[in-house]
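Trainee: Could we go through this model together? I would like to begin with the aromatic rings and then turn to the helices.

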Amino acid sequence: ALAAKGAQAYALRFTDLVMATADTITANVGTSGADMTVDDFFSATAQLQSSLAVGPFTAVLAPVQVTDLQASLRSEGGAISFLPATAAQLALKGSGYQGQFLGCDIWQSDSCTTTGGNRIGSMWGAGCIGYVEASARGSMPGAIAAGGLGPVWAEFVRTGDPGVSQVIHHAFVGVGLLETARGVNITTDA
């Protein structure tokens, strides 16, 4: 159970790294101090398409941005629809997955930046953000895979006196911006 907790901590840390990297994207849509709308979402996809970003697109939005987008969707007419996450998708993609809109997978995360009363979500295409992972397995004899998620390895350390047992988790990951034109930030109120 402790090893699995380490894998969960890694997933949260990875999300923090991705969103810190997304903060460095230079393009921005949305309106400071205003709720997120369907128009903001369309503006983000238009920005990516005009930059020749390769789809499918991925969006990571703050919880308030997701609820504001859903509220805006309720007032829309026509042939657009939001495809909410199914139980099977949640099992594969995790609890942060919200569904799909205009072919874009939407994730919800509290790792989105808050600044000046605004939340900054992001949308990007393939090749915008990259990451590398390295396994610690070779340098840690006796370590076990922690929960089967990512490159997290756990080692157990026992000190007989004073009777302390430790589980130490190791993971090596780096995240970076590959091409800023393939991404766009979405700024709306918090």
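Trainee: Which ring does the charged end of K93 sit over?
Mentor: The charged end of K93 sits over the ring of Y97, 4.4 Å from the ring centre. A charge counts as over a ring if NZ of Lys or CZ of Arg is within 6 Å of the ring centre and within 35 degrees of the ring normal. Please note that the model is predicted: local features need pLDDT of at least 70, side-chain atom pairs count only at pLDDT 80 or more, and totals for chains, interfaces and linings use all residues. Residues are numbered from 1 along each chain as its sequence is written, and side-chain values use heavy atoms, with hydrogens and water left out.

Trainee: How many aromatic pairs does the structure hold?
Mentor: There are five aromatic pairs. Rings of Phe, Tyr and Trp (its six-membered ring) pair if their centres lie within 6.5 Å; planes under 30 degrees apart count as stacked, over 60 as edge-to-face and the rest as tilted. F42 and F101 form an edge-to-face pair, because their ring centres are 6.3 Å apart and their planes stand at 65°.

Trainee: Where do F42 and F101 lie?
Mentor: F42 belongs to helix α2 (residues 38–50) and F101 to strand β4 (residues 97–101), so the pair ties together parts that are 59 residues apart in sequence. Helices (H or I, at least four residues) and strands (E, at least two) are DSSP runs, numbered from the N terminus.

Trainee: Is F101 buried or exposed?
Mentor: F101 is buried, with a relative accessible area of 0%, while F42 is partly exposed at 34%. Buried means under 20% relative accessible area, exposed over 50%, and partly exposed in between (1.4 Å probe, protein chains only).

Trainee: Which residues of α2 are buried?
Mentor: They are V38, D40, F41, A44, T45 and L48. These buried residues fall within an arc of 165° seen down the axis of α2, so they line one face of the helix. The arc is that of the directions from the helix axis to the C-beta atoms. The face turned away from the buried side carries the exposed residues D39 and S50.

Trainee: Changing topic, what does Q65 touch?
Mentor: Q65, which lies in helix α3, touches M36, R119, I120, G121, I186 and T188, leaving aside residues up to four places away in sequence. Contact means heavy atoms within 4.5 Å. A polar atom of the Q65 side chain lies 3.4 Å from the backbone oxygen of R119.

Note on methods:
Polar contact = N/O pair within 3.5 Å; in protein donor to acceptor, adjacent residues only side chain to side chain.
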